[in-house]
Amino acid sequence: MVSAVIVAAGKGKRMGLGFNKVFAKVKGKEIIALTIEKFYASSYVNEIVVVVSEDEVEFFKENILKRYNFNNVKIAKGGEERQFSVYNGLLACSSSDIVLIHDGARPNIKDDMIKRSIDGALKYGATTLAVPVIDTIKIVEDGFSVETLNRNKLYAIQTPQTFRYDLILKAHENAIKNGIKATDDATLVEMLGHKVKIIEGSYDNIKVTTPKDILILELLATI
Ligand SMILES: Nc1ccn([C@@H]2O[C@H](COP(=O)(O)OP(=O)(O)OP(=O)(O)O)[C@@H](O)[C@H]2O)c(=O)n1
Ligand SMILES: C[C@](O)(CO)[C@H](O)COP(=O)(O)O
């Protein structure tokens with residue numbers, strides 16, 4: 001049983017639209033609908049759980065689930081931070097062996113990435129998509145560069161992050177117990193001492209974070 005947990009309960013503050021960015025449209029379709037449809041169409045995914053803010057549940061049901069005929073999609077309640085939204089999504093999964101955790105704001109995911117993520121999780125227990133960083137990265141203190149990191153070892157982390165269900169549940173429960181907070185789920189698994197396998201992502205698999213990302217997505221849709 002393979003479940004996908006899609007988190008969509010953020011506020012989109014950096015986007016500055018005044019509403020949750022996952023409901024912004026790209027080429028006429030909401031970002032969250034573009035994301036869900038990739039998992040809905042995938043023959044590798046058996047169950048989809050979308051994590052939605054409590055006050056957006058009705059809007060989401062009417063304007064996304066009903067409008068695009070996404071049937072049998074479960075809804076879980078959003079948390080204060082992404083990590084807690086993911087945890088709520090995990091609790092809503094039904095007897096899953098493997099779970100893909102994906103940002104609702106990352107609509108350019110492709111089916112081969114879903115497949116390679118699942119295959120990796122079956123083999124290694126924990127995977128994340130990632131791409132090598134392109135820029136030279138320096139550590140800066142008080143306005144001065146103090147260290148230049150070895151670029152060959154640096155990767156930009158994407159989603160899906162895909163895990164054996166029992167492992168990621170244990171990682172989240174360990175985080176709650178010990179007050180650990182992280183911006184991604186792979187970190188919580190690393191905290192258990194379990195290695196996370198890097199799966200090749202794509203530079204096109206962007207997360208919509210600031211307004212320019214909408215323009216990039218529109219451009220990517222035309223090429
Ligand atoms: N409490 C939260 C925070 C984030 N997310 C989701 O996690 C994904 C990645 O988070 P991010 O890009 O940080 O989204 P926002 O929190 O909405 O953006 P911002 O930080 O700019 O407010 C998004 O799909 C977002 O909806 C969530 O489900 N619950
Ligand atoms: C999970 C994630 O998308 C990996 O890049 C990212 O960490 C989400 O958190 P952010 O605060 O939006 O960067």
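Average pLDDT for this protein is 97, and 100% of the residues score at least 70. This is a predicted model, so to speak of it plainly: everything here is computed. For the complex, the predictor gives an ipTM of 0.97 and a pTM of 0.97.

Ligands next. Ligand 1 has 22 residues around it. Val7, Gly10, Lys13, Arg14 and Ser85 are the closest. How does that shell split by class?

Now ligand 2. Which residues surround it? Arg82, Asp103, Ile157, Gln158, Thr159, Thr183, Asp184 and Lys207. By class, that is four charged, three polar and one nonpolar. Strand 10, residues 155–164, is the element that gives the most to this shell, with three residues.

Helix 4 covers residues 111–124, which is 14 residues. From first C-alpha to last, helix 4 reaches 20 Å, close to the 20 Å expected at 1.5 Å a residue.

Which residues of helix 4 are buried? Met113, Ile114, Ser117, Ile118, Gly120 and Ala121. Look down the helix axis: these buried residues fall within an arc of 165 degrees, so they line one face of helix 4. On the other side, Asp112 and Lys123 are exposed.

And what covers the buried residues? The cover includes strand 10 again, along with strand 1 (2–7), strand 6 (98–103), strand 7 (126–132) and strand 11 (197–200).

Last, the end of the helix. Gly125 follows helix 4, and the phi of Gly125 is positive, near 90 degrees.

Key: Residues are numbered from 1 along each chain as its sequence is written. Chains are lettered from A and ligands numbered from 1 in the order in which they are written. This is a predicted model: local features need pLDDT of at least 70, side-chain atom pairs count only at pLDDT 80 or more; totals for chains, interfaces and linings use all residues. A residue is near a molecule or strand if its C-beta atom, placed from the backbone, lies within 6 Å of it. pLDDT is the predictor's confidence in each residue, from 0 to 100. Helices (H or I, at least four residues) and strands (E, at least two) are DSSP runs, numbered from the N terminus. Ala, Val, Leu, Ile, Met, Phe, Trp, Tyr, Cys and Pro count as nonpolar, Asp, Glu, Lys and Arg as charged, and the others, Gly among them, as polar. The expected span of a helix is 1.5 Å times one less than its number of residues. A residue is buried if 20 or more other C-beta atoms lie within 10 Å of its own, exposed if 12 or fewer, and partly exposed in between; C-beta atoms are placed from the backbone. The arc is that of the directions from the helix axis to the C-beta atoms. Two residues are in contact if their C-beta atoms, placed from the backbone, lie within 7 Å.
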